[in-house]
Structure formats: structure tokens, C-alpha cells
Amino acid sequence: MRKIFLFFMIFILFSSPASAENNSDVFASESHKIIGGLYSLVAAVELNAKTNADVNSVVRFFERIPPGWQNEVKIQSDKKSIWVGIAIDQYSKARSYIRAHASELGIFDTPGGVAWLGNEFAWIKAADISKKKLKPVKFSAAEADGTIFFNAQDSDTWWAAYPNFNSSSIRKILEAHGTDDAPELHAPKVSEEPRTSIYDDVKPASVRVPDKMHMGTKKNSFDMSMEVGDVIFNPIPNVHH
């Protein structure tokens, strides 16, 4: 049976039960968003089938684009190749894993540069260009839980697409790269900050009737007293000590 390498399970097995699951979920989610995101761009470039692809031209292949996604990805092309890049936050829990496995995953600091060591963007080759025709890189694909997973050639790791593709794109990707030789795959948990209503933090001040309104014909020491005819109105309630 083919070896199944589920990298995030290591953290569950060797960490305390309470924190391990949370840390593993965050690590797996961020890793899939970056590495799976790179392969998603690779697949989108192939679906676009043009040698001058840009980010706006591949949006249509995805089911839904997350807010700010177009500012976090890049597509760069020249006469010989097309490269795709994704920004990696400096505090991402996936940084050490990507740095350690950059060579085998084909992830670079810059298009055609050295293996990724920590640059703001991580890059992977999407296709070669020969005689003005696109030659996509080789990869395998499989579907599970309604999500496409990508596998680099001769690798034991599988990465969930991010963002997810629409049904038409999924069908085309599987037709071109689908494999039956895939392990059991499950979509990773996506960690999200709990959402709270503004009214959970901001409470309106209580409103009550003043303790006592004073009315009389004699002025007191407050400057805010107002005389109307023979009656003096004092809007400030008396305070009893």
C-alpha cells in the first residue's frame, strides 16, 4: 500500500492533546493555503491556456475569491515560462515547513531563483512556453470532500486547492491530471477567528428617571436654575448623601 504522508498528524501525535489539535489545524490550514494555493494557480494558468496570463484572467475558474486574494497572489510571465507566487506572512506557522521542503516542492524565492528561504513571496513554475505554446508542469490531482487536491510529481504530499475551483474547472482538472493512485484525502479544517457582534462589546447606558425634580420660588446655589414668571425650574436632580 502506498505510503500516506499526512504531515499535520505528526503534531497531533507528539504534542499535548489540548493544544496539539489547535496548532495542527492552524499549521495545516496555512500550509494548504500556501502550497495548495500555488498549485491552484498552476492549474488555473493551464485552464486559461494563454501565454500572457494574469491574476484577473484566472479568477473565473474559482468558485469564490476570498477578500484581498488578488493582492496576495502574482503571475509573472516571460517568453520562456510562467511563474505564480503567493505572499507568506512573516508570522505564518507554515514558514519553517516550507523552508525545509522548498527544494522537493519546487518552491523558490524568486522566479527561477534559489529554493525559498524566507522572501515575502514564494514562487513555483506554472508552465514553460515553447513556440508560443503553453507546456504546463506535471502534477496529479484527486477529488475528496468536494475539494481538489494536488500532488507534485514523485511526492507523497497532497495539498488542498485554495481557493476552491468551480465544478466545471474541477471536471477539467481531473480529466487532465486525475489519478486513481491517491490516498484517502480529507479537506483540512479552516481556522477562523470567532466573529462577534459589536453589541457584544458595546452596551448602551441605562436610562432612568431622575431621583427628584425640584420646583420652588426660591433660587438655590446652582447656576442652571431658570426663572419663568414666579416659578424657578431646577433641572438638576437633588442628590441625597
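Let's start with strand 3 (residues 121-130): seven of its ten residues are buried, so this strand is largely enclosed by the rest of the structure. Keep in mind that what you're looking at is a predicted model.

**Around strand 3**

Strand 3 has a partner in strand 2 (residues 81-87), and the two pair in the antiparallel sense over seven bridges. If you want a landmark for that pairing, look for Ala87, which sits opposite Phe121 in strand 3. Strand 3 is also joined to strand 4 (residues 133-136), again antiparallel, by four bridges. Here the pair to find is Ile129 and its bridge partner in strand 4, Leu134. Strand 3 and strand 4 make a hairpin with two residues between the strands, and in it Lys131 takes a positive phi near 55°.

**Around strand 6**

Now move along to strand 6 (residues 147-152). How many of its six residues are buried? Six of the six are, so strand 6 is largely enclosed by the rest of the structure.

Strand 6 pairs with strand 5 (residues 139-144) through six bridges, and the two run antiparallel. In this pairing Phe139 stands opposite Ala152 of strand 6. Strand 5 and strand 6 form a hairpin too, with two residues between them, and Asp145 in that turn has a positive phi of about 55°. Then there's strand 7 (residues 159-160), which runs antiparallel to strand 6 and is joined to it by two bridges. Phe149 has Ala160 of strand 7 as its bridge partner.

Here are the pairings side by side:

| Strands | Sense | Bridges |
|---|---|---|
| strand 2 and strand 3 | antiparallel | seven bridges |
| strand 3 and strand 4 | antiparallel | four bridges |
| strand 5 and strand 6 | antiparallel | six bridges |
| strand 6 and strand 7 | antiparallel | two bridges |

Away from the strands, which residues form a positive surface patch? Lys50, Arg60, Arg171 and Lys172 do. One of them, Arg171, lies in helix 6 (residues 167-177). Is Arg171 buried or partly exposed? Its relative accessibility is 45%, so Arg171 counts as partly exposed; the partly exposed class runs between the buried cut-off of under 20% and the exposed one of over 50%.

Technical notes
Residues numbered from 1 in each chain as written. Predicted model: local features only at pLDDT ≥ 70, side-chain atom pairs only at ≥ 80, totals over all residues. Heavy atoms only, no water. Patch = residues over 30% accessible without salt bridge, like charges linked within 9 Å, V, L, I, M, F, W, Y side chains within 5 Å. Areas by Shrake-Rupley, 256 points an atom, 1.4 Å probe, with all protein chains shown as cover. Salt bridge = Lys/Arg side-chain N within 4 Å of Asp/Glu carboxyl O. Lys, Arg positive; Asp, Glu negative; His and termini not counted. Charge placed at Lys NZ, Arg CZ, Asp CG, Glu CD. Buried < 20%, exposed > 50% of the residue type's maximum accessible area, 1.4 Å probe, protein only. Pairing = 2+ DSSP bridges.
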